[in-house]
Amino acid sequence: MTESTNQTAIELINVHKDYTMDLTRIAVLRGISLKIPRGATAAVTGKSGAGKSTLLHIIGTLDRPSSGTVLIGGSDVSMMNDATLSQFRNRSVGFIFQMNNLLPEFTALENVMMPGIIARLPRGAVITRAKELLAAVGLGERYKHKPGELSGGEQQRVAIARAMIMSPSLIVADEPTGNLDRKTSLVIQDLLLNLVRESRMTMLMVTHDIELAKRLPTQIVMEDGLLALDGVLH
Ligand SMILES: Nc1ncnc2c1ncn2[C@@H]1O[C@H](COP(=O)(O)OP(=O)(O)O)[C@@H](O)[C@H]1O
Ligand SMILES: [Mg+2]
């Protein structure tokens with residue numbers, strides 16, 4: 001691996017994504033090339049339908065491009081088979097969504113542990129780490145609660161802890177505070193940004209909240225399946 005590859009967290013080369021509906025092809029991503037350095041935190045903004053979530057899903061390896069190359073931490077994920085990709089995703093990417101996608105039948109602690117259980121890590125170590133993370137997000141006392149017994153802000157704290165349990169190099173967040181009131185949103189933003197900076201993770205965050213976007217040092221603007229700037233980041 002070359003030095004420059006090693007310093008690049010995300011590299012997309014001419015990524016296209018098309019959907020075919022009723023025999024009509026819709027070009028959602030129309031040739032995106034970008035490089036994001038390791039440790040960068042970037043906001044992705046743009047109008048509804050611009051392709052922000054699609055881009056995030058492709059970078060998070062939840063979805064595959066129709067064509068083009070996606071390198072995450074220097075690994076060409078476009079070449080991985082589904083099983084290898086699942087394992088890669090579990091270990092390397094943390095996800096935070098607007099709807100937190102917590103499992104309602106499980107406690108906060110169990111939800112945070114889930115990626116570690118999927119990775120078959122030793123249970124004791126996963127419990128210890130999950131408790132540390134729940135304390136770090138301010139939920140040290142409430143780890144036995146199920147999502148339905150927690151407020152929206154608390155649920156999002158659990159989702160943040162879950163995204164971090166595998167110490168992934170990359171966090172992708174899609175409108176992570178979009179469902180919260182303004183005051184709670186600001187608290188959760190501070191928490192997330194501080195944790196990401198402390199652990200030197202790379203983060204890509206989709207948001208329509210311009211004030212939140214401005215808190216991140218790098219801005220990516222999407223327009224109709226393309227980057228509004230030419231997408232080369234330094
Ligand atoms: N699975 C899908 N099938 C068909 N069209 C889709 C699918 N996912 C997204 N799209 C279309 O792609 C476009 C971009 O969607 P999306 O990435 O969700 O935009 P954004 O997050 O910027 O609002 C939209 O026109 C949407 O309808
Ligand atoms: Mg979206």
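Trainee: Which residues surround ligand 1?

Mentor: A residue is near a molecule if its C-beta atom, placed from the backbone, lies within 6 Å of it. Here the residues around ligand 1 include Tyr19, Ile26, Gly46, Lys52 and Thr54. Keep in mind that this is a predicted model, where local features need pLDDT of at least 70, side-chain atom pairs count only at pLDDT 80 or more, and totals for chains, interfaces and linings use all residues. Residues are numbered from 1 along each chain as its sequence is written, while chains are lettered from A and ligands numbered from 1 in the order in which they are written.

Trainee: Which element gives the largest share of that shell?

Mentor: Helices (H or I, at least four residues) and strands (E, at least two) are DSSP runs, numbered from the N terminus. The largest share around ligand 1 is 3 residues, from α2.

Trainee: How many bridges pair β1 with β4?

Mentor: Two strands pair if DSSP finds at least two bridges between them. For β1 (residues 8-21) and β4 (residues 67-72) there are 5, in the antiparallel sense, and His16 stands opposite Ser67 in β4. β4 also runs antiparallel to β5 (residues 75-76), joined by 2 bridges.

Trainee: And Tyr143, is that buried or exposed?

Mentor: Buried takes 20 or more other C-beta atoms within 10 Å of the residue's own, exposed 12 or fewer, and partly exposed is in between, with C-beta atoms placed from the backbone. Tyr143 has 21 C-beta neighbours inside 10 Å, so Tyr143 counts as buried. You'll find Tyr143 in the loop between α5 (123-136) and α6 (152-164).
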